[in-house]
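Trainee: I would like to learn how to read a model like this one with care, feature by feature. Could we go through it together?

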Amino acid sequence: HYLAGLVMASTAPTLQPLPPVGQPSTAAVLQRQDQVMQQQDASLDELHKSVRTLKKMGGQIHDELNLQSGLLDDLERGVDLTNSHLRSQRDRMKLLLKKSKDNWLYCAIILLIVVLGVVIYLLIAS
């Protein structure tokens with residue numbers, strides 16, 4: 001058996017020395033690095049998805065703001081036009097009121113002349 005052990009020992013693959021106790025082997029370190037890189041890749045993929053979603057949301061917000069800005073511009077033009085019409089109508093109303101006051105004055109003068117004429121007639125007739 002001694003010779004058989006020697007023959008088997010010579011044909012057996014050479015073994016790597018064991019790492020010192022407390023230090024991981026090179027294979028373990030490489031495996032751990034692969035795990036860390038896979039975790040980092042997964043995290044980067046999630047981050048990429050989040051950034052892509054944020055970009056899409058930012059584009060939608062931009063489009064909505066442009067739409068709202070256009071609507072506000074239209075509203076401002078409408079308010080300006082209405083304000084202009086209101087100012088014009090207010091000026092016309094002031095003019096009409098002034099004319100109607102003048103008409104009441106003319107009516108009051110005519111009425112007083114008629115009353116004066118009646119009083120004079122009554123004084124002469126009596």
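Trainee: What percentage of the 126 residues of the protein count as buried?

Mentor: Keep in mind that this is a predicted model. Burial is judged by relative accessible area, with under 20% counting as buried. Here 0% of the 126 residues fall in that class, and the protein exposes about 12,200 Å², of which carbon and sulfur atoms supply 67%.

Trainee: How many helices and how many strands does the protein have?

Mentor: The protein has two helices and zero strands.

Trainee: How many salt bridges does a search of the whole structure find?

Mentor: The idea is to look for a side-chain nitrogen of Lys or Arg within 4 Å of a carboxyl oxygen of Asp or Glu. Searching the whole structure in this way gives two salt bridges. In one of them lysine 49 is paired with glutamate 46, with 3.7 Å between the closest N and O atoms; in the other, arginine 77 and aspartate 74 meet at 2.3 Å, N to O.

Trainee: Where do arginine 77 and aspartate 74 lie, and how many residues apart are they?

Mentor: Arginine 77 and aspartate 74 both belong to helix H2 and are three residues apart, about one turn of the helix.

Trainee: Is arginine 77 buried or exposed?

Mentor: Arginine 77 counts as exposed because its relative accessibility is 52%, and the cut-off for that class is over 50%.

Trainee: Which residues make the nonpolar surface patch of about 520 Å²?

Mentor: That patch is made by Ile110, Val114, Val118, Tyr121 and Leu122. Taking one of these residues as an example, valine 118 is found in helix H2 and is partly exposed, with a relative accessible area of 43%.

Trainee: Over which residues does pLDDT stay under 50?

Mentor: pLDDT expresses the predictor's confidence in each residue. The average over the protein is 84, and 83% of the residues score at least 70. Over residues 1-13, however, pLDDT stays under 50, and for these residues the model has zero contacts beyond four places in sequence.

Key:
Residues numbered from 1 in each chain as written. Predicted model: local features only at pLDDT ≥ 70, side-chain atom pairs only at ≥ 80, totals over all residues. Heavy atoms only, no water. Helix = DSSP H or I, 4+ residues; strand = E, 2+ residues; numbered from the N terminus. Buried < 20%, exposed > 50% of the residue type's maximum accessible area, 1.4 Å probe, protein only. Areas by Shrake-Rupley, 256 points an atom, 1.4 Å probe, with all protein chains shown as cover. Patch = residues over 30% accessible without salt bridge, like charges linked within 9 Å, V, L, I, M, F, W, Y side chains within 5 Å. pLDDT = per-residue confidence, 0-100. Contact = heavy atoms within 4.5 Å.
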